[in-house]
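Q: Could you help me read this model? I'd like to go through it slowly, one topic at a time.

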Amino acid sequence: MTDASIQTTKTETGEAGFGDYFALLKPRVMSLVVFTALVGLLVAPVGVNPIVGLASILFIAVGGGASGALNMWWDADIDRKMKRTLTRPIPSGKVEEGEAFAIGITLSVMAVVMLGLAANLMAAALLAFTIFFYVVIYTMWLKRWTPQNIVIGGAAGAFPPMIGWAVATGGISIESVLMFALTFAWTPPHFWALALFTKGDYANAGVPMLTVTHGRKATRNHILGYTFALAAVAIALGLTSVGGPTYMVIALVLNAMFIKGAWDVFRRTDADSEADSHKAERGLFKLSLAYLFLHYGALLVEASLKPFGLGGWG
Amino acid sequence: MVIKAEHEMHKRRFSRNIGLGLVLVGFVALVYGLTVAKVGELYQPEAASEASQ
C-alpha cells in the first residue's frame, strides 16, 4: 500500500484493528451460540473427550461468527441507514465489504471442515446448514421480503444446541429437536417485545418489521400466540430424557410468568403502553432473557445431577 | 498535517498483527491437542481389546 492509497481510504486511519474484525463476528450472538451448543453437548447421553468438546464448541462459535460476518457483508447497505447499526465495522468504514466477505467465507469453510474432523460429519453438516440458512435463506432472501423474518432468523439461532448434541451422539433425536424448537419459539416473542418499546428505523432501510407492516396490535397477538407454542415446547422438552423434576418446576414457573406477561402485553393498547413507558413490554423482554438462560441452565442441572443418581425421571 | 512517529494507524496494525498471531498460535495448540486426544482414543485399553478380538 502506498502513501497515496492511504489518503484515499474512507476512514481516518483506513486500518482495522483486531477488535474491528472480532466485532464482525457478532460476539454477543456468539455468546448465545456457545452457551446453547455447550448445553446441547453436555446433556447428551454420550460423553465427549474434553479437548474434542472444547474444540467443537469453538468451531461452532467460529461458524456462527462467520455467518455474522457474511450477514454484515450482505446487509452493509441497510446497516448504513440505521442508527443502531451505523457503528458496525463496515458502515463505520473500518472494514471493507470485500474483507468481510473473505473473512466470512474463509471462517465458514474452516469451521465446518474442522468440526467434521474434530467431531463427526453430522455435526459438520448441521453447522454448514446453519450458516447456509442464516446467510442465504434469512439474510439474502427472506429478511427484506417478509415480516416473519424474525421467525426465520430465529431458526438459524436455534441450531447450536442441535449441533452440540450431534457432536456427542453423531445424530439427531427428539431431545435435540425440542431444544431447537425452544430457541426457535422463544425468538419471536423476545424480539417483538423489544420492537414494541424501541423505535427502530427498519422502515427507512426497507426491512419489513411486523410492527410496521401489520401494526402493533397484530404484533401483540403474535407475541401471545408464539408464547403458547413456546410453553408447549418447553414442557414437552421436560418430558424427554434430558428433562426431570428440577427442569419441570423451573419450566412451569417460568412459562406461567411468561404467559402472564404476554397476556398483559396482548391486552394493552398503545395508549396504555405509552402512559407507563411500555412497562409490560419492557418486563416481558427482560423476562425473556432470563427465560432462555434458566431453561438451558435447568437442563444442565439435570445433567449434572445424573452421576449422583439424581436428575432425570429416574 | 504533523507527521507522528506513532500514528493511530500503526496502533491498529499492531493490534491486528498481535491478535492474528495469538489466534494462529491458539489454533496450532488446538489442533495439537485434538491430535493427542484422537490418537489417545485409539489406544485406550477397551479399544485395543476390541481391536484384538
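Q: Is Glu97(A) buried, exposed or partly exposed?
A: Glu97(A) is partly exposed, with a relative accessible area of 33%, where buried means under 20%, exposed means over 50% and partly exposed is in between, using a 1.4 Å probe and protein chains only. Please keep in mind that this is a predicted model, in which local features need pLDDT of at least 70 and side-chain atom pairs count only at pLDDT 80 or more, while totals for chains, interfaces and linings use all residues. Residues are numbered from 1 along each chain as its sequence is written, chains are lettered from A and ligands numbered from 1 in the order in which they are written, and side-chain values use heavy atoms, with hydrogens and water left out.

Q: OK, and which side chain does Glu97(A) meet in a salt bridge?
A: Its partner is the side chain of Arg80(A), at 2.8 Å from N to O; a salt bridge here is a side-chain nitrogen of Lys or Arg within 4 Å of a carboxyl oxygen of Asp or Glu. The pair links distant parts of the chain, 17 residues apart, with Arg80(A) in the loop between α5 (76–79) and α6 of chain A and Glu97(A) in helix α6 of chain A. The helix labels follow DSSP runs numbered from the N terminus, helices being H or I with at least four residues and strands being E with at least two. Arg80(A) is partly exposed too, at a relative accessible area of 35%.

Q: How many salt bridges are there over all chains?
A: The search of the whole structure finds 12. One of them joins Asp264(A) to Lys260(A), with the closest N and O atoms 2.8 Å apart, and both residues lie in helix α14 (residues 245–267) of chain A, 4 residues apart, which is about one turn of the helix.

Q: What about Glu281(A), which residue is its side chain bridged to?
A: The side chain of Glu281(A) meets that of Arg268(A) at 3.3 Å, N to O. Glu281(A) sits in helix α16 (residues 279–305) of chain A and Arg268(A) in the loop between α14 and α15 (270–275) of chain A, so the pair ties together parts that are 13 residues apart in sequence.

Q: Switching topic: how many residues of chain A and chain B are in contact?
A: 20 residues of chain A are in contact with 18 residues of chain B, contact meaning heavy atoms within 4.5 Å. The two chains bury about 1600 Å² between them, 71% of it on carbon and sulfur atoms; buried area is the accessible area (1.4 Å probe) that two parts lose on being put together, summed over both.

Q: And which side chains form the salt bridge across that interface?
A: The rule finds 1 salt bridge there, in which the side chains of Asp20(A) and Arg12(B) meet at 2.8 Å, N to O. On the side of chain A that touches chain B, α2 (18–23), α4 (50–74) and α6 (97–118) of chain A each supply at least two residues, and α4(A) gives the most, with 5 residues.

Q: Last one: what are the domains of chain A?
A: The assignment gives domain 1 (13–171) and domain 2 (173–314), with bounds that come from an automatic or database domain assignment. Their C-alpha centres lie 22 Å apart, and the area buried between these domains is about 2700 Å², of which carbon and sulfur atoms give 77%.
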